[in-house]
Amino acid sequence: MHIETLAVHAGHEVDPTTGAVTPPIHLSSTFARESDGSYRAGLVYSRYANPNRLALEGCLSQLEGGAAAAVFASGSSATMTLIQALGPRAHVVAPHDAYFGTTKLLREVFGPWGVDTTVVDMTDLGAVKTALRGDTKLVWIETPSNPLLRVADIRCLAELAHSVGAICAVDNTWATPVLQRPFDLGADIVMHSSTKYLGGHSDVLGGALIARSDGELFSAIRAIQMNGGAVPSPFECWLTLRGIRTLPWRVRAQTANALALAQHLSRDARVEAVHYPGLDSHPQHDVARRQMSAFGGMLAVQVGASRAESVAIASRMRVFTQATSLGGTESLIEHRASVEGPATHAPENLLRISVGLEHIDDLIEDFESALT
Ligand SMILES: *Cc1c(COP(=O)(O)O)cnc(C)c1O
């Protein structure tokens with residue numbers, strides 16, 4: 001089935017007791033036992049499983065083409081669960097430009113627990129090869145990356161990971177299953193912050209781990225989810241599933257807007273640089289063409305001679321809202337260096353843009369008036 005059909009139907013069965021077309025929200029934290037001691041639908045207690053969570057997990061597993069999925073209270077708790085599932089003192093290879101929170105988790109939270117992280121430029125396969133060790137358990141990929149939209153070659157990196165017996169996990173938050181299919185390229189785990197495109201309306205936090213096969217690693221992930229309980233509420237699962245219904249169409253429209261905006265800004269002499277994988281000038285444009293069906297709704301621009309000037313340009317925007325996060329219906333713009341603090345890799349005049357569903361002419365006009 002095509003992803004448009006899956007997005008509408010996966011996890012959306014007509015309610016057998018009422019005929020409700022839209023699924024009900026099951027708030028009950030506990031489920032009654034039958035007289036023989038069994039449970040009617042196999043449900044016991046909501047930390048273990050809940051109908052809304054099961055529906056979302058089933059849907060995500062189908063969207064990515066995986067065998068099993070576990071959802072979490074945030075993207076970061078999904079990442080945390082995968083690292084915990086590796087076991088103590090694992091060696092991890094991660095990109096130098098991973099999502100800032102991921103880098104922080106690896107270094108500040110898991111470092112003291114003996115997790116050893118080697119940070120590399122994932123666009124440099126030689127550097128990745130050098131970083132791999134006999135005890136490497138995980139190669140973490142985020143592509144396109146944050147905030148410079150570098151593109152890492154999933155197929156080559158998965159092969160490298162497997163050559164030392166490590167797993168390869170892809171943070172597919174920015175590309176979404178609509179544009180990028182990590183399992184087809186050899187990845188073992190796909191991670192999402194469903195806070196972004198999957199939810200799609202900037203109104204719910206969530207995360208997910210989807211596994212290519214339902215084996216030992218996924219069992220460890222499931223055990224941490226059920227016993228640790230960093231799970232989303234039934235309403236959050238319901239909201240995320242509601243957002244997913246329109247995912248393919250939103251992503252496609254946002255991608256068209258982003259490409260048009262990137263092309264427009266790349267012709268403007270006042271703009272120092274435009275970082276977008278869909279531009280011919282992008283250093284990994286060929287890799288992006290090979291592994292993505294289109295280039296996504298995120299871009300970054302370098303504008304203004306200084307940090308202050310760059311912030312001032314963002315402040316003059318009227319259609320774009322100055323805020324962090326991404327993937328919602330509204331366009332957002334953010335001065336990344338000031339959000340990330342002193343340890344940032346973001347250039348001082350870099351503005352990260354999440355392109356929304358507004359009319360492209362209004363977005364371009366907003367930029368035009370902010371730049372003058
Ligand atoms: C937002 C984000 C995360 C973290 O997700 P939360 O839901 O905020 O915890 C991880 N990776 C990427 C690429 C993100 O954009």
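In this predicted model, 14 residues surround the ligand, and Ser76, Asp171, Ser193, Thr195 and Lys196 are the closest of them.

| Residue | Protein atom | Ligand atom | Distance |
|---|---|---|---|
| Gly75 | polar backbone atom | oxygen | 2.9 Å |
| Asp171 | polar side-chain atom | nitrogen | 2.7 Å |
| Trp174 | side-chain N or O atom | oxygen | 3.2 Å |

**The seven-strand sheet**

Asp171, one of the residues closest to the ligand, also has a place in strand pairing, where Asp171 stands opposite Met191 in E6. The sheet concerned is open and has 7 strands, in the order E1-E7-E6-E5-E4-E2-E3, and its pairing is mixed. The edges are taken by strand E1 (68-72) and strand E3 (116-120); each has a single partner strand, so one side of each is left without a neighbour in the sheet. From one strand to the next, the twist averages 20°.

Helix H8 (residues 216-228) packs on this sheet, where it touches E1, strand E5 (167-171), strand E6 (189-193) and strand E7 (207-211). The direction of H8 makes about 30° with that of E1.

Pairing within the sheet can be followed strand by strand. E5 and E6 are paired in the parallel sense, over 3 bridges. E6 and E7 run antiparallel and are joined by 5 bridges, with Val190 opposite Ile210 in E7. Elsewhere in the sheet, strand E2 (residues 91-95) runs parallel to E3, and 5 bridges join the two. In that pair, His91 stands opposite Asp116 in E3.

How much of E6 is covered? Of its 5 residues, 5 are buried. On one side these are Ile189, Met191 and Ser193, and on the other Val190 and His192, so that both faces of the strand are covered.

Thr176 belongs to helix H7 (residues 176-179). Is Thr176 buried or exposed? Its relative accessibility is 1%, and because the limit for a buried residue is under 20%, Thr176 counts as buried. Apart from neighbours within four places in sequence, Thr176 is in contact with His192, Tyr197, Leu247 and Val251.

In helix H4 (residues 100-109), the buried residues are Phe100, Thr102, Thr103, Leu105 and Leu106. Their cover includes helix H3 (75-85), strand E4 (136-142) and helix H13 (336-340), together with E2 and E3. Three of the elements named there, E2, E3 and E4, are strands of the sheet described above.

E11 and E12 run antiparallel, with 4 bridges between them; Glu334 stands opposite Arg352 in E12.

Helix H12 (residues 307-315) has Ser310, Ile313 and Ala314 among its buried residues. An α-helix has 3.6 residues a turn, so residues three or four places apart point the same way. The partners of the buried residues of H12 are strand E9 (298-303), strand E10 (321-322), strand E11 (332-335), strand E12 (350-354) and helix H14 (360-371).

Thr18 is located in the loop that lies between helix H1 (3-9) and helix H2 (51-64). With a relative accessible area of 59%, Thr18 is exposed, since the limit for that class is over 50%.

Terms used:
Residues are numbered from 1 along each chain as its sequence is written. This is a predicted model: local features need pLDDT of at least 70, side-chain atom pairs count only at pLDDT 80 or more; totals for chains, interfaces and linings use all residues. Side-chain values use heavy atoms; hydrogens and water are left out. Buried means under 20% relative accessible area, exposed over 50%, partly exposed in between (1.4 Å probe, protein chains only). Contact means heavy atoms within 4.5 Å. Two strands pair if DSSP finds at least two bridges between them. Axes are lines fitted to C-alpha atoms, for helices over the stretch in contact, and angles run from 0 to 180 degrees between N-to-C directions. A residue is near a molecule or strand if one of its heavy atoms lies within 4 Å of it. A polar contact is a pair of N or O atoms within 3.5 Å; within protein, one must be able to donate a hydrogen and the other to accept it, and residues adjacent in sequence count only if both atoms are side-chain atoms.
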